[in-house]
Amino acid sequence: MIKKIWFFILLFGPFLLRAQSKLPDNMFLNTLPNGLQVLVIEDNSVPLATVMITCKNGAFTETPEFNGLSHLYEHMFFKANKDYRTVDDFLGRVSELGMRFNGSTTFEEVNYYFTLPDYNLKDGLRFMNSAIRYPRFDSRDMEHENQVVDGEFQRNESNPGFALNNAMEHHMWGDLYSRKNSLGNHQVIRTATPAMMDSIKNKYYYPNNSLLTVAGNVDHEVVFKDVEKIYGSWKASEFDPFQKWPIPEFKPLDKTDYFIVESSLTKQPQILVEWHGPDTRNDVKATYAADVFSDIVNQSSSTLKKAMMQSGLALQMNVNYLTLGHVGPISMSITPNPAKIKECMEELRRQLLLMDNDDYVTDEQLETAQRKLEITKIREQEVTTDFVETTSFWWASASLDYFTTYTDNMKKITRADLQNYVRKYIKNRPYCAGLLINPDLNAQVNPKDFFVSPN
Amino acid sequence: MYHPTKPVYMKKILIVTAVVCGTISALRAQTTSFDVDGIKVIFKPTVKEIIDVRMYYRGGVSNYTKEQAGIERFALTATEQCGTQKYNASTYKDQEDKYGITMRSVSDYDYGDIELECVSKYFNEGWDLFAESVVNPVFESSEVELLRNRLIGSIKTKASQPDQQSTSLLLKNAFEGTPYEADPYGDEDAVRKMSIADVKAYYKSILNKGQIFLVVVGKIDRDELIAKVKASFDGLPAKDYTPATLKEPTWNDYKVAVENSETSTNYISAIMNAPPYNSTEFVPYRMGLAAFGGALFASLRTQRNLSYSQGAYANPGQMPYGIMFVSTAQPKEAVQVMTSMLVRVKNYGLSEVGLQHLQGSFITNYYIHQQSSSAIAGSLGEAEALGGWYLAESLPGLVQKATSDQIKDAINKYIVGLRWSYLGKSSLADDAADAFKTAVK
C-alpha cells in the first residue's frame, strides 16, 4: 500500500508541481544564479515598458527605533547614487529617458518603478540597477528630504480618516504597532542618519530578497538576457534576513476594544471595525475563505447589506480582508446614518452573531462570489502598469504560486469553510471598533454611552 | 485580497519630462464614429477582455441652475441604483453582482454619463442593464430616498477632504455668476429639497438623440454593436440640441479666497485663464502648464523643500482653465516661489532639449492613460463633449508639432492674472497677503 502511494506521488508529482507554477501565457519567470527573481509580463497594447523592483522590506521589518526608515529609504532611492552624483543628475536622466517614476512602502514590501517608452527599456534597466545597488545617502539630501516627509505627514494628518486609521493600528497591534505603521514615526525619520539607511540596505537590499518585474511591450527572451548582463553581478546575501532578524508574532487580541476619535475635520461619522485575520504562513485556506466571505457579505442581496444599508442604518458599508504573510486584518468600514449610529452598531453586533448560521449564505451567493473573484483577476490584468504592483504584492505577502493558483483554490471554498472561517476569526472573537465623529455630533448623540464593548 | 486602497505612502505620481528618441507606432485599431438611427456612436476596438460603454449627456451644469446643483448626479445615479422597468432595484444589483458588472455614473461641469464596465464574456448581460438604465429607469421612491441620504453623505465626505474642498473653494469663487458656480457633485441643501418628480423630469429633459452620444471601447464586433444600439435606443425621442454658449470670466487681477481650517498643513491653489479646448493654442498651453508643473516640483520640493505635493495642469472644458497648487506649512514662501517660477516660465521659452523632454513626457503619460477601456472611453467622451472625439486621439501628433514659441505665446496670452484659494490657518494667509498680490508678468 505504501509503495503504491509513493508510486502515485512520483508519477504525478512533477505534473502537480508544474501545474502550481503555471503562469498565464504572457508571463515568464526566471531566477538568476544570485537569487534575483525576474518576472516578465508581455503586453503590446501600448508602446511602453515598466521596470519595477520589489524588496521584502517595509513596516513589518521595523522596530520602534526604525519605524519609518523603510519609507525614508524609499524617498532616498530617488536621489543621488554612484552613477548619478546629484539629485539633479538623477532627475535629468529621468527626463532624458521619458520616465514616470514612483515608489511605495507598504506593510510587507517596498517597490520602485519606472515607466518609459519601450525603446528606452535597456537604459531603464541600467538606471534601475544604479539606483537599487548604489544609493549614496548624502546627509544633505537626507536633511532636505526630511522636510518633504514632514509635508507628507501633515497631508496625512489633514485627512480626517487618518486619525481613525492610526488609532485603529495602535489598538489592533499594541506593542508591535511599528510593524504595521508604513508611514512611520515622524521623530525617527527626522533624526535618521546615513548609517541607518546603510543598515537597511545591508539587511534587506539583496537580489535574493528582491523581485524585478519588467512589463509592457517587451520580449521576455531579450529581457532575460539583458537582465542577466546588468544584474548578474549583484552579490547575493549570505543570510536569510528573516531568520537573522525574525519578525515577531502578533499577539492575539485578548479583549474587544471600543474607542472614539473626535475630530473637527470630519463632517461625516465613520465606523471602523477590525479583527486579526488569517495569514499566508499559518492558514492559507482561510485566506481564500476570507476573500469569498467578504465578497458575499458585500453583495447587495446579502443578509448583512440588507440589514445595514437597505434598512437605512448605514449609508455605505464595505467588508475587506487584506492578505498578508503576518496577520492580515479583517475590516468592516461603515458610514453610518448620522441619526442612527447607535442602531447601526446594535444591528452590526446582531449580524456578527448570525454569520455562521446555515442560512446566512445562499448557494447562489457563494457561486456569485467565486465568479466575481475570478473576474476580478481578469480586471487586475487590464492596466499593466498597475498589474506589476499587484504581482509584486502577491510575491511579497504570499508567493507567485499563490497568485497563479488563486482562482482554483478560491473556487474550492465551501459553505463549511466559510463557517469555519467566521467561527475562527470573527464570531465571538475579540475585535477593535473605532468611531470617528465631529465635536458637534459627538455632543448631540453622546456615543460614549453606547459605543462601548458589550463584554 | 489585495486592495490598493490600504495606506500606501509616497503614492503621488511624479512625472518628469522625457526625450523622444524614436517614433512611437500606433499599436491599436483606429477609432471610428458613425450614426445609428440618429445617435452618434464612437467606437474603438481593443484586444483586452474589458469592455466599457458610456452614454453621454451633453450640457452638464448648463442644463440646470446653481439652486439645483447635484440634480444631474442624482438623476444619473438613480438610473443605475433605483430600479428599471425590467429589473427592480434589488434584482438589478443582483445581476451586477452575478456577472461582475460595474454600473456607475458621472456628473461633470460639461457633461454627464452612465457607464457600463464588464468582461467580454458577460457583455450581453451588461448591455441589458445598461440599456435598461438609459431607457427605462423607474426611480423607485424608497430607493430614491436611500440614495438621497447616500448622496448627502458623500457631499459631506467630499467637504471633509482638504484637496477636494480646496478645489471647490477655488472654482466657486472664480466662476461666481456663471454656470460653473454650481458644483455638479451637489449641494447638500439642494439635494435635500429635490423631489422625485424633479429628478425624473430632469432625466427626461436630457434623454434625447440630439443631446446624447455613445462611446464604446472593447473587444466587440461593430455589426453586433450596431444591432444592439438599434434594438435598445431606436425609440428614444429625437430633439434638436443647441449647446449653451458660455463666456469665461477674465481673471486679470489678483484676489484670494480664504477659508480657515484646522488642517495640519495649508492647501493653496490658483486658477488662470486658458485657450478654448478645440483651438490650436490649447495643446501648447497644456504643455506649458506641464512644464511649469515640473518647474514647481524642482523648485518647491527638490530645491526649497517647501512641499510634498505641488503641481500645475490645464483643465479642458467649455470654460477651460489652468491650475497650480501646493500644500505647505510655509504659505508665504511657497506662494512667492510659485509666482516667481510662473514669471520665469512666461518670460523664458523652452530650449530645444527642454521641448524634446516635454514632448516625451507627454507621450509616456498619454499611453499610460490609454491602457484601460474605461480611461480610453473617458478621454474620447470628454473630447467629443468639448469639440470632437478626434481631439483626444490627435494629442500625440499635436504634441510633437508644438514649438517653444507657440507654448510661450499661449502662456503669455492667457495667464494675465490669478485667483487664489487658501484652505488652512488664516493667520498664515494674512502673512502671505502681499505674495498673493504679486503680478505675474
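Trainee: What order do the strands take in the open sheet of chain B?

Mentor: The five strands go β8-β12-β9-β11-β10 in chain B, with mixed pairing. Strands here are DSSP runs of E with at least two residues, helices are runs of H or I with at least four, and both are numbered from the N terminus. Two strands pair if DSSP finds at least two bridges between them. Keep in mind that this is a predicted model: local features need pLDDT of at least 70, side-chain atom pairs count only at pLDDT 80 or more, and totals for chains, interfaces and linings use all residues. Residues are numbered from 1 along each chain as its sequence is written, while chains are lettered from A and ligands numbered from 1 in the order in which they are written.

Trainee: Ok, and which strands stand at the edges?

Mentor: β8 (254-260) and β10 (309-315) of chain B do; each has a single partner strand, so one side of each is left without a neighbour in the sheet.

Trainee: How many bridges join β10(B) to β11(B)?

Mentor: Seven, and the two strands run antiparallel. β11 of chain B covers residues 321-328. If you want a spot to look at, Tyr313(B) stands opposite Ile323(B) in β11(B).

Trainee: Which strands does α9(B) touch when it packs on the sheet?

Mentor: β10 and β11 of chain B, where contact means C-beta atoms, placed from the backbone, within 7 Å. The direction of α9(B) makes about 175° with that of β10(B). Axes are lines fitted to C-alpha atoms, for helices over the stretch in contact, and angles run from 0 to 180 degrees between N-to-C directions.

Trainee: At what angle do α9(B) and α15(B) cross?

Mentor: Roughly 85°, with the axes coming within 8 Å. The two helices are therefore roughly perpendicular (65 to 115 degrees; under 35 is roughly parallel, over 145 roughly antiparallel, the rest oblique). Among the residues that meet are Pro284(B) and Tyr285(B) in α9(B), and Ile407(B) and Tyr414(B) in α15(B).

Trainee: New topic: how many residues does each chain put into the contact of A with B?

Mentor: Chain A gives 74 residues and chain B gives 67. On the side of chain A, the largest share, nine residues, comes from helix α5 (residues 139-158) of chain A. That side divides into 24 nonpolar, 38 polar and 12 charged. Nonpolar means Ala, Val, Leu, Ile, Met, Phe, Trp, Tyr, Cys and Pro; charged means Asp, Glu, Lys and Arg; the others, Gly among them, are polar.

Conventions
Two residues are in contact if their C-beta atoms, placed from the backbone, lie within 7 Å.
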